[in-house]
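The sequence and structure are shown first.

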Amino acid sequence: MVRENCGVVGIFSLGGENIVPYLIDCLRSLQHRGQESWGIAVPKKLPFKKTGLVSGSANEFDKLITRFSSNIGIGHVRYSTFGSSSLENAQPLKVKDLCIAHNGTITNAEQLSSMVGGCTFTPQSMTDTLVAAQRLVSILKKKDDMKAAMKILKNEMVGSYCFTFVTDSNTIYAARDPKGFRPLVLGLHKDTNTYIIASESCALSTVGAVLLRDIEPGELVRIDKNGLKSERFSESVNHAHCSFEFTYFAHPSSIMEGINIYLARKKIGEYLALKFPIKDADVVIPVPDSSRPAALGYSLKLGLPFEEGLLKDRYSKKGSMRSFIEPLVKDRKEINQNIMPIREMIENKHVIIVDDSIVRGTSSQAIIEIVKQAGAKRISMVVTYPPISYPCYAGIDFPSQEELIAFRVAKNEVDLEIIGNKVAKIIGADEVCYNDNVNLAKGIGLNKNELCFSCSSGDYSPLGIKPDFNSRYQINDKILVD
């Protein structure tokens, strides 16, 4: 079963504008959410899908804009959390007269597939998105109402989801799960009277659209020739926005839940400085790229010099790629090998390296070695995200516990100092200072109870599941909460 965390777009131009150029530009701006494949879909045509980066198909853009010319469409960039990269698994997917793009993970997809004849799918081609789409279409045959269908489907699905749909009857729908695990926003391109739904507001900025608001958890948005209509298919008092979006995954220019990501990361750095005031250090250096704001906030709070001591080789084959969302170990290593030190900023200095997270530990180990070879006399690593000791079942590729360095070296230890000391020995740092959930929530600016920390706390109650950690995706059938 293939599961994915990705970026989605849905566009409807009430002014009759050809929205395909907007789709392409929005997807390019969401490339940080998925590097494996991309695709677009318009009514009454099979989706166009390609492996690789959006920019890799630039020579096809003119033909695409003409061939798929439409005032309505959806798009998708893919990052799989399990399974191989293939065109077959790329999105959007078409089922009957409905095309779907999905960001998130449906954790009980195998169970859901039994409702739509799961035996007709092969393990290579069966995705949680396909299963959800098949089930939705089967419900719509009886209900013929998207709100009613989503009400039924949300009670059958366990997991996270932001869906965009386009129908052959020229309607766009967007739905966000009741807990709001993954982000989804609504914008308007005023000059062309075009509504844009996207995973992040950075996609809106790219095409000159304004952010209107977040799509609320449990909200269903419908856009057709008559305009925009908002309905609720579910109500949930407590939300569970992914905390990792704020520290790593989201683009720094984006605004989520009314919070600018760059400013949140900078504030997280300030709170880290209060928690770990390493004042005898000589320089603060960020791990490129998502750690820069936090490192700046940390350095300013303590009055320490901030320097770009590590730079990515942008001209290498994978120089612009993000190592975390690369599915293969060799590709992650290749990206980290293209990080180059500026020796003059490091040599004979006590260096504080600020990183957004430590997941498997391989990237951190490689970076520590680079800084050592550049002549650092002491290396302190300060981490914006708490120790990741549990897999994610809501769409982020935190793998089995055995692959997570914090669990591997410290098992069920809860003392952050002890965990940091054990991780430091493995990756080669003199010390590792982990943030905690409460401190991170303060930096983000949201109540701790509005955020999901399941990967660090092991509390999966927001998802309503009790995982069985013997297998990465084995989950008990029992749903704990509604």
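## Confidence of the model

The structure is a predicted model, in which the protein averages a pLDDT of 90 and 87% of the residues score at least 70. Residues 472–482 stand apart from this picture in that their pLDDT is below 50, although the stretch has 32 contacts in the model beyond near neighbours in sequence. Where pLDDT is low, the predicted coordinates should not be read in detail.

## Overall make-up

The protein has 482 residues, of which 61% count as buried, and its secondary structure consists of 15 helices and 23 strands. Among the contacts that link residues at least 6 apart in sequence, 70% join residues at least 24 apart.

## The annotated binding site

An unreviewed UniProt entry carries the annotation "binding site" for Ser 290, Asp 355 and Asp 356. These positions are spread over 67 residues of sequence, yet they cluster in space, the largest C-alpha distance being 8.0 Å.

Asp 355 is found in strand E20, which spans residues 350–355, and with a relative accessible area of 6% this residue is buried. Leaving out residues up to four places away in sequence, Asp 355 touches Val 287, Ser 291, Ser 364, Val 382, Val 383 and Thr 384; with Ser 291, the side chain of Asp 355 also makes a polar contact of 3.3 Å.

Asp 356 lies in the loop between E20 and helix H11 (362–373), and it too is buried, at 7% relative accessibility. Apart from neighbours within four places in sequence, the residues in contact with Asp 356 are Thr 247, Tyr 248, Ser 290, Ser 291, Val 383, Thr 384 and Tyr 385.

## Salt bridges

A search of the whole structure finds 21 salt bridges. One of them pairs Glu 219 with Arg 213, whose closest N and O atoms are 2.7 Å apart; Glu 219 counts as buried at 2% relative accessibility, whereas Arg 213, at 29%, counts as partly exposed.

Where in the fold do the partners Lys 275 and Asp 436 lie? Their salt bridge has its closest N and O atoms 2.8 Å apart. Lys 275 belongs to helix H8 (residues 261–275) and Asp 436 to the loop between strand E22 (431–434) and helix H14 (437–444), so the pair ties together parts that are 161 residues apart in sequence. Lys 275 itself is partly exposed, with a relative accessible area of 33%.

A further salt bridge brings together the side chains of Arg 292 and Asp 289, at 2.6 Å from N to O. Arg 292 counts as partly exposed at 24% relative accessibility, and Asp 289 is likewise partly exposed, with a relative accessible area of 27%. Elsewhere, salt bridges that share partners join Arg 33, Arg 182, Glu 200 and Glu 245 into one network.

Notes: Residues numbered from 1 in each chain as written. Predicted model: local features only at pLDDT ≥ 70, side-chain atom pairs only at ≥ 80, totals over all residues. Heavy atoms only, no water. Salt bridge = Lys/Arg side-chain N within 4 Å of Asp/Glu carboxyl O. Buried < 20%, exposed > 50% of the residue type's maximum accessible area, 1.4 Å probe, protein only. Helix = DSSP H or I, 4+ residues; strand = E, 2+ residues; numbered from the N terminus. pLDDT = per-residue confidence, 0-100. Contact = heavy atoms within 4.5 Å. UniProt positions renumbered as here; feature names shortened; annotations may be inferred. Polar contact = N/O pair within 3.5 Å; in protein donor to acceptor, adjacent residues only side chain to side chain.
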